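Please look at the following structure together with its sequence.

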Amino acid sequence: MEASSTQWKGRAVPLREDVRFSTGRGTYISDMKFPDMLHVALLRSVHAHARILRVDLSAALEMPGVVCGLTGEDAGRMTEPLRSLIPIPAEIDAYCLAYGKVTHVGEPLAAILATSRYLAEDALEKVRVEYEPLPAAVDPEAAMAPDAPLLFESMGTNIMWQDRFDYGDVDEAFGRAAHVLKKRFYIQRYSSTALETFGCTAVYDDHREQLTIWSNDQRPGQAMPIVAHSLGLTHARIRFVTPDVGGGFGNKRKAQYLIIAALLSRMSGGKPVHYMEDRRENLMALIHACNGVMDLEAALDGEGHILGMRVRDIADEGANVLNPTVHSILKLGNLTNCYRIPVVRYEVNSVMTNKCPSGANRGIGKPFMCLAMERMMDYLAGQLGMDRIEFRRKNLVPPDAMPYTGPSGALIDSGDFGGTLDKLLPLIDYEGFLRDQQAAREQGRFLGIGIAIGLEPSTSNASAYILSSGRRSASGAAEAAMVRVEHDGSILVLLGDVGSGQGHETAAAQIIADELGVPMDGVRVSPFFDSAVTPWLYATGNYSNKFAGTDVGAILGAARKVRGKLLELAAHLLQKPAENLELAEGCVRSRDRHDHGKTLAELAFVAYRDLLSLPSDMEPGLEGRFYYRPDIANVPDEKRRVRNQLFASNAAHAVTVEVDPDTGGVAILKYGVVHDCGTVLNPSIVEGLVQGATAHGIGAALYEEFDYDEQGNLKATTFVDYLKPTAVEIPDVRMDHLVTPSPYTPLGMKGVGEGGAIPAPAAIVNAVENALEPLGCAFDHLPLTPERVWEEIEKARASRRDEP
Amino acid sequence: MTDASTDRRATSVTVNGRRCEAEVDVRKTLADFLREDGGFTGVHVGCEHGVCGACSVLMDGEVVRSCILFAVQADGHEIITVEGLGSEEAPSPLQQAFVDHHALQCGFCTPGMLLAAVDLLKHCPDPTETQVREALSGNLCMCTGYTGIIRAVRAAAPQMKG
Amino acid sequence: MKPPPFRYHTPRSLSEALEVLRESPGEARVLAGGQSLVPLLNLRLAYPEILVDLNRVEGLSYIRDDGTRLRIGAMTRQREAEFSELLAARSPLVIEALAQLGHPAIRNRGTVGGSLAHADPVAELPCVMTALDAEFVVAGPVGERLVGANDFFLGPYETALSPGEILVEVRIPPAPPAASFVEFSRRHGDFALAEAAVVLEGGESCTGGRVVAAGPAWMPSRLETVERLVAASGVGRTDTGSQRELVEEVARTAEAAVAALETHADATAYQRRLAAVLVTRAVAQALERWSRN
């Protein structure tokens, strides 16, 4: 994509944040020092499930440096219960600390405040807790049984949401099918584990009834009302500030920790109180992606068209009482991936177990949906004896069908999936690889290639949750921004979504610079969100790849308000019609006489100081605020169809691997990605996000797993056991782009950030199965550890030996 | 501030060429000392058990993990943190290459990556891609997939010689 | 995640260090590179009352040739050993193992002696030192004693060192004609799932060797049946045909040899097979290197 020479958009502009971060000058939450700051340590449950009989802080409170402490009972007295965002079968009295019982290993049940974290941790060891251990519900299918141990007896069940969505006459489609195939898939628990853990500092000034929270929570718009409700404070008395955020990926949010810090600050007489998760706490108890089980059944006609699909899904939400069903709802919006499948049944089960609460995590549910679907595509092609790429092509939604609405109402606004595949095959040298594979097989080596294509829908529509909640607690999608030409002509931008590595400061400045005709240097985008000055709403935050879908609209909307006013003011001062003026080179000037104009500084002088030179009906100031909402968001219709997310990027991944049958090791040979996120604002940002997300998908496929034993003990609680891929394990991912602009976003952009993480696991398992095709191995569990691969190879070899 | 009964030592460390002195609890990690007593917040704490590499600093010219060293062990030694490599106004060639190649996103792993790369280039001025990957494999990045980082280190290598 | 309180000693000499240990038996732990111990402290999985930091003790960091053996001071940093020309010339197997030990930041601080005294059952150095038949110089209240590799490693994280003793030196016999170290880990730099070290003895024909496997067993362990096979084969240095036969025979017998070891509760069939595969690969690589000499 060529950018015109005067345009900032489209250029790989170096990121201004990169200068700050590469010199170590970022300001992350734990870098913010406050005088007399106190530190929190949390006592966490050693049981997966137990009644709390007694929590005795007395000995701990005697320890050196300790200021005060807090138990779940205290929290129960001092705060309002936290209510689930999605109604569950019974209201649970949940607080910022475990109340009455603990429901997962690592659940915080008491807090100690001390002058240092060292001393706070010393004191934790003196807290006496009496538990009555209870049997744990660990396996999600077993947890659904009537006699399963219940996390919350008042609910009478562990099933939070169970429903069946019939989009069309599915049974009719299966009735006339030439082929039917049913498969079961599993996904493990994993998480993006941002390198900076969750943290916050709170100052609760009781005299002024003012609570200030600094936190790297990535969804301040949602955290604010939870904190306000819990503490009984009006929003107007809370100020929420987000500094630089060291990675988010969805799961950096936990209102409970903000409440704990606020309460302890209040108890300590308004001292600044800092809580920072340590890595073990982060891995045990922040947020995991749901593990799950999915039965997928597809009906085909004789020519290889998919007629319909039945999906039965069980999402293991862990002890997620506050924000369940997110994974299930996003799967519902992505049931048919890039394929034209006319009818679908979705049976959804959202189940509680005694594990870490689930929640948002790069892709949220879509990696599992894509895994099952793209694995199924390979199996179906195999059953038909068709080439798996040809089979996919046959079923893709074609470009001329765009915008396309799938059976569940999900919108694919744009895309050319066949075109994406066309670019992918040469990128990975598909034909050449097939020849190499054949030669290798003759030598007894196991080379394989896997393909997966994946939709990457972005910008969540809150009304989709009406499907699981039956009530309208929020709807639509949005973000807010402010653009102000300051008194000296410099430009300040505030954006609700501060980003956590996505380069929003640079990207927003590119947009504003073009819109207001100024060099990028003249545009300052605040790296901080501050609820006292930044416009915000419930949707505000950094999630759902929403920059392209809502943030750009907010930035542009605010800039255009200012632009309109600049033109109007300049027209008045220059005595020229506004339509004869343009914004360029830091001026508003005559289109035909570039030396006839006013600089932004001159206009700002009038707008802020020389007020009597303004038109008499013009409000002083040069500030624009804009709350943008895409108008294509809808609410579920009578057939329960909804646009869960609004703009669909897509990607095709191909990976070649070699499997060592003796060690079970999987080596990635080549990796190729063709990505389409519509118009590209800054190619550096897009490439970085795709590469990073792909690495995360590779981690999920081969390394990462939160495994629990039968008692509900988590086996991976440090980075020694929870394996993130390093620079050696991640290959050089080759990339190419296709640009199909969205017809619905202001600049044609679509979301980017989650994408790579969605098809990568499917591509890798497909490749490993393809490599082991001569043996006939099948893998339904991730990650593909060497042991798991080796065991399947042994099994396949044994069954071969047993054959007559 | 801290328990009087614990063992405390006067500790003096040269950080980025400047003396940094404090009486510290012997159990205080070097990472906490550099951040809290020295104000070098470019030292990032990512795991505190010596795995992620975010807290890496140079001790007497060699990359080490400051979360699994005690501050008292650095007494009399020279430490370089990311702040000592260059500034926003005058970044080192390696830092400039990180910007040029967008070798970072959230910036949390970056200081450790840079210092691990400095250590590599000292021993291996013209590294292959494999050598860079192996040398940086003790530093986790959750954002970039490492691609930009590897490009940046290789691009900066010629300018970091000598 | 902060370490619990402890008292801290920084002896300047070995005798001073031994004195501290003698005065507080059972309460003190020796701190060498700290790359294993300090994480355990931070996680509060270890609560020593006293730490005796050897990092300021004079005279424990060196690599020298005494004419017959290579002597490595216990506090020699792993990274220093990795770059040692003497070690490269005289015992390249050690360097091969070090290159796979953790990461540069770990090796810059970690010590040769620390890794051996920590005795992680899948650590690289205990495995190669067992294969090299190294000797360990142990200093204690009544002087020094010499312990052979076979007697040094007693179990996981368990060595012949008693509470008042400090490992001060490793002595490595003259370089064998050929050797190999092979490991398999989940990620680069991780502790291995299994590993194998092989040392061949002989001139133009093989007279024997040591074959060590680690992973499924309580500690790096010699596989005597495989060693006997290698010794009995008497293969010639350039007799690739016989060498191939020997490797095939090792492949057939290694798994039984590994299975015969005392294995720990977590060891799986996979880990035993993996160890056998790596033993076979190490034997093959050692033979191949020997034939190229």
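## Two helices of chain C

In this predicted model, the crossing of helix 10 of chain C and helix 11 of chain C is right-handed, a crossing being left-handed if the near helix is turned anticlockwise from the far one by less than a right angle, and right-handed if clockwise. Axes here are lines fitted to C-alpha atoms, for helices over the stretch in contact, and angles run from 0 to 180 degrees between N-to-C directions.

Helix 10 of chain C contributes residues including Leu229(C) and Val230(C) to the contact, while helix 11 of chain C contributes residues including Leu246(C) and Val250(C). Two residues are in contact if their C-beta atoms, placed from the backbone, lie within 7 Å. The residues of this contact comprise seven nonpolar, four polar and one charged, where Ala, Val, Leu, Ile, Met, Phe, Trp, Tyr, Cys and Pro count as nonpolar, Asp, Glu, Lys and Arg as charged, and the others, Gly among them, as polar.

## How the model is described

Residues are numbered from 1 along each chain as its sequence is written, and chains are lettered from A and ligands numbered from 1 in the order in which they are written. Because the model is predicted, local features need pLDDT of at least 70 and side-chain atom pairs count only at pLDDT 80 or more, whereas totals for chains, interfaces and linings use all residues. Helices (H or I, at least four residues) and strands (E, at least two) are DSSP runs, numbered from the N terminus.

## A helix pair in chain A

Helix 19 (residues 683–702) of chain A packs against helix 20 (residues 760–771) of chain A at an angle of about 50 degrees, with their axes 8 Å apart, and these two helices are therefore oblique to each other. Their crossing is right-handed, and the residues that meet include Ile698(A) in helix 19 and Ile764(A) in helix 20. This contact divides into eight nonpolar, two polar and no charged residues.

## A sheet and a loop in chain C

Five strands of chain C form an open sheet in the order 4-5-10-6-7, with antiparallel pairing; two strands pair if DSSP finds at least two bridges between them. Strand 4 (63–65) and strand 7 (143–148) of chain C stand at the edges, each with a single partner strand, so one side of each is left without a neighbour in the sheet.

Glu204(C) lies in the loop between strand 12 (194–202) and strand 13 (206–214) of chain C. With 10 C-beta neighbours inside 10 Å, Glu204(C) counts as exposed (buried means 20 or more other C-beta atoms within 10 Å of its own, exposed 12 or fewer, and partly exposed in between, with C-beta atoms placed from the backbone).

## Where the chains meet

In one interface, 47 residues of chain B are in contact with 48 residues of chain A. In another, 24 residues of chain C are in contact with 24 residues of chain B, and helix 6 of chain C gives the most to the side of chain C that touches chain B, with five residues.

Terms used:
Parallel < 35°, antiparallel > 145°, perpendicular 65-115°, else oblique.
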